[in-house]
Amino acid sequence: MNKNHRVPSNRTLSAVEVKSKFGAEFRRFSLDRSKPGRFDEFYGLLQHVHRIPNVDLLVGYADIHGDLLPINNDDNYHKAISTAAPLLRLFLQRKEEADYSAFGNDTLTRKKTPASLAAVLLRPDANRKKPPIIISLPKDFRPVSSIIDVDILPETHRRVRLYKHGQEKPLGFYIRDGSSVRVTPQGLEKVPGIFISRLVPGGLAESTGLLAVNDEVLEVNGIEVGCKSLDQVTDMMIANSHNLIVTVKPANQRNNVVRHGNSNGAAGAGAASGSSGCSSDSGASYYSYSAPGAGATTPSHIIQNFRPEEESDEDDEDLVIETHRDARPSRRMAAGAVPSNSMPLLPRYEPHLNLRPSNGAIATSASVGSLSPPSKVMDRRNLEEDGTVITL
Amino acid sequence: MKHAFSPHLIQTVEHGFPSQPSALAYDPKLQVMAIGTKSGAIKVYGAPGVEFTGLHKDTATVTQIHFLQGQGWMVSLLDDNTMHLWETGQKERCSDLREVRSFSLPGRSGIESTSVTRVTVLLVKSSSDLLTLGTEGGGVHFLELPSLRLVDKSLFHDEIMQSVPEDYRCGKSLGPVEALQEHPLHAHKILIGYSRGLVVLWDFKSRHVDNLFLGKQQLESLVWVRSGSSFVSSHSDGGYMVWSVSSSTPCIQEPVTSTIPYGPFPCKAVTKILWRTTQAALVLFSGGMPRASYGDRHCLTILQDSVHVTLDFTSRVIDFFTVHHVDRDHELDDPSALVVLLEEELVVIDLQAAGWPTIPAPYLAPLHSSAITCSYHISNVPTRLWERVVSAGLQQCSAQTCTNWPICGGKNLAPAVKQRELLLTGHEDGTVRFWDASGVALQPLYKLSTASIFQIDCEHNDSFTQAAEEEWPPFRKVGCFDPYSDDPRLGVQKICLCKYSGKLVVAGTAGQVILMYLSDEKSDHMIDLATVDLLQDREGFTWKGHDRLPPKSGSVLFAPGFQPVVLVQCMPPAAVTSVTLHAEWNLVAFGTSHGFGLFDYHRRSPVLARCTLHPNDSLAMEGPLSRVKSLKKSLRQSFRRIRKSRVSGKKRGEANAQLAEQDSEVTPVQRRIEPRSADDSLSGVVRCLCFADTFLRDGTHHGPTMWAGTNSGCVYAYALDVPLQEKFSEQSVEALLGKEIQLMHRAPVVSIAVLDGRGNPLPEPYEVSRDLAKAPDMQSSHSVLIASEEQFKVFMLPKVSAKTKFKLTAHEGCRVRKVALVSFSSVASEDYSENGLVCLTNLGDIHVFSVPALRPQVRYDCIRKEDISGIASCVFTKTGQGFYLISPSEFERFSLSARVITEPQCQVYVERPYESSEVRCSAFFCF
C-alpha cells in the first residue's frame, strides 16, 4: 500500500494523481493507471489515507465533464481511473450523513443519489448553460412502467404495468368503446371492445411509450374486459390505478416483443419500448429545479418522493393517524390533517428491475426510469425534458 | 349459510300506485277491480291483500279492460289494436293472471287504411259469450268468447243507413262507433252510438234496427237507465241528454231533456256519464267544465236532486265506476261507492254517507303525493311505538269515513304478520309519511309535516278562504296528490328513528336537523334553536346557495304525534347528507357537504363541529347552483344551437347526410382513467355517521365513539365522553378525535359499522339495557367495517390494522351504491341466523358477503343499471328484504332471504261454465 506522499512533479501517463477530499481534509496520492487493482482495495486505501478505518464511505469522483459519479464497484472504479486526465478528484462522504436516515439499513454499499451529492458539492452555481446527463445505477431510480409476462402471453399481446406511485404525474389516458374483429369458428366476427382513445401529452401512459391510441384493452389486472361496459372498465382501471396492469393488443403490431430463445428477452423489450433496457434520466432537469437556492436541503426532497405505496398489491395501505388528547381537532385544516408526504419513507424497489443479462428468459423486462420529482414544479420540468432526453 | 339465501332474488310485490294508469274495470260479481297501465300491465285488486298482476308481451298502452263477469276472465284492448284474453288462475298460494290468447281485427278487404278497423269500443255481453267491437270505420263486429273467434255477423254503416231518414243522412258517414251498451233487460239488444250523434238500438238476433235516435251533437258516451225505458247520452259540447225508448216510435228526433250543466258559455266535453237510480236519480259525469274559466281542471260532477258537488282533482280522470247492485232483484242501483281512477291516485267516495266523504284506500297509496326524497325502514317495531303512531294517525284523518272498503273480492290467505314493519318516506314538501310495510298492502299510518315550524312565504290560507266563498261551480278538493312544493328547502333528506324511545330526527335540504319526541297529547310550545357552524372559521369560502329556513318565533301548536323539540341548523345551510341518532346518549350527529356536527339534545348544546372541506374544493362552496357548471352548460348549449341553425340553413337531405356522416366521425364517448385525487370536487361530503360503544383508544377500555366517513375516503373516529344517565343535566358530553383513517384509494365511504368480538354488528341503543338483544361480546377485540364505493375493509380495533378486505370494483368493475348489514335466518331453523353484508352496486346487482370474513356468498340481478333513481332509492331491511322505486309512485319489494318473504297470498273464486281450453262449436250461438 502506498504511503501518504507528495505528488511527483513529473506527470507520467502511467500514474494517476488522486486528490481525495473528506470533510475539510484533503489527501493526495497516486495510483498506477495500468494496475488499478480492485475496488475494495481502493476503498481500504481511502480509509487508510484519511485515517478513518471504521467509517463507511460514499465515494464519488468528478469525471471529465465535471459531473460527480459514484465509485462503488470495480467497473466504475476502473472507468474513473482510465478517464482521469490527469487528476482524479475524489469526494468522500460519511454514509450516515449521506443517507439521511432512511437508507441506513442497507448492507451493501449503496450510493444514494450521487446526483444530489454532485449538486451539493460541485454545483453551487446553478446557471449552467448546458447541463450534462448523469447516469446512475438503475436501482437509484423508480420504475414507472414495465412489460410483464412476456413468456406467457401471445406475441400479439402486451401486458403493461404502470406504477402510479402517488406522484403528481397523471396516468394520462382515455378509453372508448369500439369494435374489433375476432376469428371465431364461425369465421370473422365483429365484437365490441374497449380501446385506448387518447393519451395525454406528458402523462405517464404516453411517456412510457408502451401504450398507444387504438390499442385494444383486453384485460385489467388479470380480469378480462370482454363483457364489461366502458363504465365498468373505467371503474376497474381507476380502482387499480395505483398499480395498473393493462393487457393490450397494440394497434401497431410491428414493435411486438419477439422471443428468440433465451438471450433476446431484454432486447425485444427494448425494441418494444423504443428505448434501451437501461434506465436513464436527465440530470439536467434536476439541476434546473434544484437551483434556486435549494442548497443542501434538496436531497431530502428527493428522498421524500419515494413513496411507500409503490409496491404492488399491498401498497394501498390506508393511512391511520392517531390523534392525541391535546390536539384541537376542530380547528385543524382537513388537508393538513392528512399529511400524505410526511409518512415514514421507506423506498422499495421493484425486484424485476434488476437487469441481469445472464438471466435466460427474462419474463419481466425493460423499463424506463425517471427520477421522482420532488414537487409539482419539478415534475413539469421533468416532463419537458423527458421528451428530449429520453426519446421513447 | 347458503340455505339462508333465496336461490334467486324474488320480486314479491309492488307497493303504491301504478305509474301511468290508462284503463279501469270492475267486476261486480267477483268484486275485483283491474287497472291497466301504459306499460302494458294489468293489476287486479280485491280485498286488502288480494292483488295480482299480468303483463302484456308488448309494452303497449292498455286502453280498455272488460271483465267477463264472475268468470275470472277479462279482455284487454291495447293501443296497437290487439285484444287479449286474460285468465285468473291459481298458482301455489296466489292467484295469477295469464294471457290465454289474443286477437287483432283483420283489415277489411279493399280498404287500405288501417284506421278503419281500429277498435274504438268494446262491449262484453252479460252472457259473457260474445264480445262486441265498435271500430273507427263505424263497423260493429262480434267475437265469440272466450275463443276470440270472429263471428261473421258484422254490422256496417250501410245497413244502418237504410233505415235512417233521408234528411239526416246528408251524405256524410256516421263516424266511428263511440259507445256500445247492452239493453239492461233484453240482452239481445244493443245500443250503438256513432260519433256524429246517431244512436241506434239494434236487435242482433233479428238483425233489425229497433229505434233510431237522431242526435245532432257529437257523442261521447251512453248509459242505460236501469229500467231500460230510457238512456242518457253525453256530448262534446259539455251537455247530456236523456232519451226515452219506446217501441211505438222507431225514429226519435228529440231527447226528453237536454242539459249543459256548466253552460251557457262553451264547455268541454262530458267524456263519460253514469246514471244511477236511487230514491232520486244520481248523475255522475267527468268533464263538462266551462272551457274558458275552468277548462284546465280535472273534475267529476255528482248531481242528485239539488245537491251538486264538483270533485276537483289534481290529476286527470282516467275512468270511474260505481259499486252498486247489479242483480235483477233490486229495483234500484243504490250505488254505495264511486271509484275514480286518476292519473296519480285512486279516490273512492262513499255515496251513502251524507256529504259524500272519501274512503281511505287500503292499497294503491299515492306514495308520490309529494315526490319521495328519501326512505327509511324499521324492522320489528315494538307494539308500544306502533300503537302510538297508529293512534296519532287516526286523529289526523277525521274527514274520512270508516266505511268498509267497497272492493272486497277474493280472499287474503296470507298468515297474520308476526312482526310490524314501518317504512318512512321523506318528501319534497317537508313531510314524513309512515307506512305499514308489514304486509302486502302498504297502508298509510301517519303523516308528519315539518313545514309548520318555519316561516314560509306562501301559506295555504288563501286557498282556504277562497273555498269558503260561494262559488260556482261548487268545487271540492279531493285527493292528496300535490306535486308542488312550497319551498324546495323543506325537502327531507335523511331520517333516523329510535324505535324504543320514540325519538325521531328529520334532516332537510337547508341544513335543518329537527329532533322530535313522540307525544300522545297535543302541545303548544317553543322550539329550541341552535346553529352549528360547520366551516369552523375556514377562510376563503363564501356560500352562494340558498339561505337557511327562518324558524317561526313564538310557540307553535302541535297535534299528537311526533312533535319538534329542537331545531339545529347547519351553517352554511347545505343539504344534510347523513344523520344518526343515539337516544341513550342523547346525541344526534349530522353531516353536510362541509363537515359534520354532534349535538347533545338533552342539554341543547353542540358538542362538536368539524369541517371536512378540502381547500381546493370550490364546488362545495358554490352551493347547489354552481356557476362554473352552469356557465359550461350554457356555452355547450349555445354551441349546439349554432350548429343546429347552420344545418337548418342547408337543404334537408344534404344536411341529414352530413349529420349522419358527422355522427360516425364524431369521437365516441371516452372515459378518463385517473385515480381520485385529494382535491376532487365535493370531497368533503359526509356520507355516513355511526355511533358505537367500542374500543378506540386502547384495547381494555371501551366507550362511546362516533365515526364519520367522507366522499374522499376519509374516516374520523371520535371518542366520546358521555356522562352517566343521572348526570346528563350537569355534565356535558365531550368528543376527542381518536383516529383519522385515510383510505388510500380515496373512494367515498358509504357505510361504517362496528362489529363485536364475535363479528356481529353492535346492537341498537336500548336493546341491551332493555334486554331486547344479546349483549355484544366485549371480551375479544372489536373491528370496524368500512365500506367504500370501491372496496370493503375490516380493521381491527383499537389499532385500526387491516384484517380483511374485498376489492369489489377492481374485480367486478361495479361501484357500491348501498350497503346494509342483514341478518339472514335459516330456513331450517328459526333460531339460527347469520350476518351478511348486502351491497347494491351501480349496475343494479346485489352482492352478499359474509361478515367479517368478507367472502362473496351470492349475487342477484335486481335493478336495471339504467334505472338510476331506482338504485338511489333502494333500502334494505334488517331481515333481507328491500324496497326500491320502480316509478315515482311505486316501490318494488324484493327478498334475498329464503325465510322472510312478504308476497301476496290470495285466492279469487271464479265460476266458469267452461274452461278456456275447451273448443266450443259455433252452433252454441243462436242468433
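Over residues 422–436 of chain B the chain is 80% strand and 0% helix, with the end C-alpha atoms 5 Å apart, where helices (H or I, at least four residues) and strands (E, at least two) are DSSP runs numbered from the N terminus. The structure is a predicted model, in which local features need pLDDT of at least 70 and side-chain atom pairs count only at pLDDT 80 or more, while totals for chains, interfaces and linings use all residues. Residues are numbered from 1 along each chain as its sequence is written, chains are lettered from A and ligands numbered from 1 in the order in which they are written, and side-chain values use heavy atoms, with hydrogens and water left out.

Over residues 259–357 the chain is 46% strand and 4% helix, and the end C-alpha atoms are 27 Å apart.

Elsewhere in chain B, four strands form an open sheet in the order β6-β7-β8-β9 with antiparallel pairing, two strands being counted as paired if DSSP finds at least two bridges between them. The edge strands, each of which pairs on one side only, are β6 (62–68) and β9 (94–104) of chain B. Neighbouring strands of this sheet are turned by 25° against each other on average, direction ignored; the axes are lines fitted to C-alpha atoms, for helices over the stretch in contact, and angles run from 0 to 180 degrees between N-to-C directions. Within the sheet, β7 (residues 73–78) and β8 (residues 82–91) of chain B pair in the antiparallel sense over five bridges, and B:Val75 has B:Leu85 in β8(B) as its bridge partner.

Further along chain B, B:Gly882 lies in strand β61 (residues 881–887) and is buried, with a relative accessible area of 0%; buried means under 20% relative accessible area, exposed over 50%, and partly exposed in between (1.4 Å probe, protein chains only). Not counting residues up to four places away in sequence, B:Gly882 touches B:Val875, B:Phe876, B:Thr877, B:Glu892, B:Arg893 and B:Phe894, a contact being heavy atoms within 4.5 Å.

A search of the whole structure finds zero disulfides over all chains, a disulfide being a pair of cysteine sulfur atoms within 2.5 Å. B:Cys408 is in no disulfide, and the nearest cysteine sulfur, that of B:Cys906, is 14 Å away; B:Cys408 is partly exposed, with a relative accessible area of 38%. B:Cys688, by contrast, counts as buried at 7% relative accessibility, and its sulfur is 7.5 Å from the closest cysteine sulfur, in B:Cys690, which is too far for a bond.

Chain A has ten helices and 15 strands, and buried residues make up 51% of its 392 residues. Of the contacts in chain A with a separation of 6 or more, 67% are between residues 24 or more positions apart. In helix α1 (residues 39–49) of chain A, the buried residues are A:Phe39, A:Phe42, A:Tyr43, A:Leu45, A:Leu46, A:Gln47 and A:Val49. These buried residues of α1(A) pack against β1 (15–22), β2 (25–32), β3 (57–62), α2 (74–83) and β5 (87–94) of chain A, and just after the helix A:Arg51 takes a positive phi of about 60°.
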